[in-house]
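Here is a short briefing to read alongside the structure. Have the viewer open, and let's go through the charged pairing and then the ligand site.

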Amino acid sequence: MAETSRLILLICILTSLVFISPAQTCLDYPFPGGEVFHSCTHLPVLDASLHWTSFPSNSTVQIAYRAAQTPTGWIAWAINPMGTGMVGSQALVAFCHSNGSMIAYTTPIPSYNPSMEPEEISIPVSDISTVYVNNEMIIFAVLGPLD
Ligand SMILES: *[C@@H]1O[C@H](CO)[C@@H](O)[C@H](O)[C@H]1NC(C)=O
Ligand SMILES: *[C@@H]1O[C@H](CO)[C@@H](O)[C@H](O)[C@H]1NC(C)=O
């Protein structure tokens, strides 16, 4: 039950984002690996898009967050399962390591001055990966099972 309500909460957060920009269509975006997501929303302020598919059968949500960025920049996508605002949110971060590899990891945001070091977050995250393509960084991840 708790699992279901958390998943519903997350879907509601995602769905509420859709109304920021209902005219934008991002469903046609051709992911480099051919990934397909059920829903997406464009976040014009960030020049970013969030794509997701939820699987109620196992309480997981598959996401891709992509944002325009220079090769040396970094991107982060965060959700706050406890409410709204930055403090308490749980982030996925990606950037290009100085050795030339794109790396992605999770990090909690416990304050306004977070370490941004790789660390476990309060939401289970698996299959996190990232690519840089067409001047965009993309983070892929599976969130959940949410309990
Ligand atoms: C959850 O279910 C979906 C659909 O059946 C499946 O594709 C996915 O791999 C499952 N995820 C996990 C983490 O078991
Ligand atoms: C670059 O560094 C990261 C983080 O230490 C590591 O995961 C990755 O494998 C390295 N890539 C190369 C090409 O050495």
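A salt bridge here is a side-chain nitrogen of Lys or Arg within 4 Å of a carboxyl oxygen of Asp or Glu. With that criterion, a search of the whole structure turns up 1 salt bridge. Please keep in mind that this is a predicted model.

**The salt bridge**

- The partners are R66 and E136, whose side chains meet at 2.9 Å, N to O.
- This pair links distant parts of the chain, with R66 in strand β3 (residues 60-68) and E136 in strand β8 (residues 136-143), 70 residues apart.
- Side chains of opposite charge can pair when their charged atoms come close.

**Burial of the two partners**

- R66 counts as buried because its relative accessibility is 8%, and the cut-off for buried is under 20%.
- E136 has a relative accessibility of 14%, so E136 counts as buried too.

**The site of ligand 2**

- Which residues are around ligand 2? They are H97, N99, S101 and I103.
- Sorted by class, this shell around ligand 2 holds 3 polar residues and 1 nonpolar residue, with no charged residues.
- On the N99 side chain, an N or O atom is 2.4 Å from an oxygen atom of ligand 2.
- On the S101 side chain, an N or O atom is 2.8 Å from a nitrogen atom of ligand 2.
- Taken alone, ligand 2 exposes 360 Å², and the protein buries 36% of that area.

Note on methods: Residues are numbered from 1 along each chain as its sequence is written. Chains are lettered from A and ligands numbered from 1 in the order in which they are written. This is a predicted model: local features need pLDDT of at least 70, side-chain atom pairs count only at pLDDT 80 or more; totals for chains, interfaces and linings use all residues. Side-chain values use heavy atoms; hydrogens and water are left out. Helices (H or I, at least four residues) and strands (E, at least two) are DSSP runs, numbered from the N terminus. Buried means under 20% relative accessible area, exposed over 50%, partly exposed in between (1.4 Å probe, protein chains only). A residue is near a molecule or strand if one of its heavy atoms lies within 4 Å of it. A polar contact is a pair of N or O atoms within 3.5 Å; within protein, one must be able to donate a hydrogen and the other to accept it, and residues adjacent in sequence count only if both atoms are side-chain atoms. Accessible areas come from the Shrake-Rupley method with a 1.4 Å probe; for residues, only the protein chains shown count as cover. Ala, Val, Leu, Ile, Met, Phe, Trp, Tyr, Cys and Pro count as nonpolar, Asp, Glu, Lys and Arg as charged, and the others, Gly among them, as polar.
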